[in-house]
Amino acid sequence: MTALAEVLKRQIAATGPLTLADYMTACLMHPDHGYYTTRDPLGAAGDFTTAPEISQMFGELLGLCLAQGWLDQGAPDPFTLAELGPGRGTLMADVLRATRAVPGFQDAAEIHLVEASPTLRKEQAKRLSDHHAHWHDTVDTLPDAPLFLIANEFFDALPIRQFTRHGNGWRECVVGLAEGRLAPGLTDTAPQDVVRHRLEDTRDGDIVETCAPAQGIAATLGARIARFGGAALLIDYGDWRSKGDTLQALENHAPADPFAHPGQADLTAHVDFEAIACAAAPARHSRLTPQGVFLERLGIVRRAQALAGNLSGAALQSHITAHRRLTHPSEMGSLFKILALFPEGASPPPGLDT
Ligand code: SAH
């Protein structure tokens, strides 16, 4: 039994079941026992790995894509270069290395990082020690300036609510107690405003998920990009419209029961990109594009060949494996997708269309 399980059991006994969103928030961000607040979960020794940790090519290509977007919008100076949920700071470090050669880009850039975890903020500060960065708890305090932003595997960590259709109403998934253990259950049927529009495309028993924080963040980003200019590259796993139960837990790189060890496992859910794109209006959005297609359009094959020229033996093998992992449809190439936000009147960033 984890310390957080004890805390949550006492809370449920006192005040009743938690929504899945409250449960996820506690598991991921509880100040003393939260998964992200207490550890660095990335890499071979952690629970999962991410595209920037797999290969430097990911951050390099994203950085050049953002820099081209900046040039295409007239190279505004100054501008905000931001990242949401920067993990170990690897992606931003690769972006900064790759864009060194773009005249004026780094001189005009002010680096802003939105990160909730004190543990990961320390990692980011170490990794980016050659640069002057500012940290934020939320997107609300980002400066009023053109905003060029990346977010990789950020939105999937935000808390969801989950509803199962029953007639013309919905039963919400909540976390309660069963035989002294934390267990998921369903509320009685009730109408639910947040998923009323899903009565159109669901049948009895279908599950839909909502993520209010994702929509709130997308609305803030969209409003800033529409007003000041800029672009956001949002990469995550998910699809255009959420359907089904996508909550998952990962512990030591293996799937786990999301309710067994609260605070010890990473909890994520697929991202509903349609909800993000709608919330980001009046900013425009690109077509949702598979990661593999996007990286290939940006020239990953040529970059991979150039890097391979300096490698041999095991290092070459692991470089080839990393390239495949990022792009192949049976690995991350199709599951992960990219959505860009950009202002009316600008073209979408390179590699994307509308
Ligand atoms: N982008 C990194 C890390 C992904 S893990 C990579 O690709 O490697 C998710 C990141 O989002 C972590 O840095 C985590 O601490 C941060 N995060 C999760 N929820 C957050 C929230 N509500 N506010 C700010 N940061 C959050």
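Mentor: Let's start with α2, which gives the largest share of the lining of the largest pocket, 4 residues. Please keep in mind as we go that this is a predicted model. The helix spans residues 20–29, and Met 29 is among the residues closest to the pocket centre. Gly 85, Phe 154, Ala 157 and Leu 158 are the others in that closest group, out of 39 lining residues. The pocket itself has a volume of about 650 Å³.

If you sort the lining by residue class, you will find 20 nonpolar, 10 polar and 9 charged residues.

Three strands make up an open sheet here, in the order β12-β11-β13, with antiparallel pairing. β12 (254–256) and β13 are the edge strands, each pairing on one side only. On average, neighbouring strands of this sheet are turned by 40 degrees against each other, direction ignored. As a reminder, strands of a sheet pair through backbone hydrogen bonds, either parallel or antiparallel. Between β11 (residues 248–251) and β13 there are 3 bridges, and Ala 249 has Leu 267 of β13 as its bridge partner.

The structure holds 1 cavity of 30 Å³ or more, and about 40 Å³ of space lies in the largest cavity. Both Ala 249 and Leu 267 line this cavity, and so do Cys 27, Glu 251, Asp 257, Pro 258, His 261, Pro 262, Gly 263 and Ala 265. By class, the cavity lining has 6 nonpolar, 2 polar and 2 charged residues.

Next, have a look at the loop between α5 (56–72) and β2 (79–84), where Pro 78 is found. Asp 77 and Pro 78 are joined by a cis peptide bond, with omega at about 0 degrees. Ala 75 is found in the loop between α5 and β2 as well. This residue has a positive phi of about 50 degrees although it is not a glycine. Is Ala 75 buried, partly exposed or exposed? Its relative accessibility is 28%, so Ala 75 counts as partly exposed.

You will find Glu 153 in the loop between β5 (147–152) and β6 (161–166). Here the relative accessibility is 16%, and buried means under 20%, so Glu 153 counts as buried.

One more cis peptide bond is worth a stop, the one that joins Ala 281 and Pro 282, where omega is about 15 degrees. Pro 282 lies in the loop between α10 (273–279) and β15 (284–285).

Definitions and conventions. Residues numbered from 1 in each chain as written. Predicted model: local features only at pLDDT ≥ 70, side-chain atom pairs only at ≥ 80, totals over all residues. Heavy atoms only, no water. 1 Å grid on protein atoms, 1.4 Å probe; cavity = no way out; pocket = protein on both sides within 12 Å on 5 of 7 lines; lining within 4 Å. Points joined across faces, edges and corners; volume = space filled by probe spheres on them. Helix = DSSP H or I, 4+ residues; strand = E, 2+ residues; numbered from the N terminus. Nonpolar A, V, L, I, M, F, W, Y, C, P; charged D, E, K, R; others polar. Buried < 20%, exposed > 50% of the residue type's maximum accessible area, 1.4 Å probe, protein only. Pairing = 2+ DSSP bridges. Axes fitted to C-alpha atoms, helices over the stretch in contact; angles between N-to-C directions.
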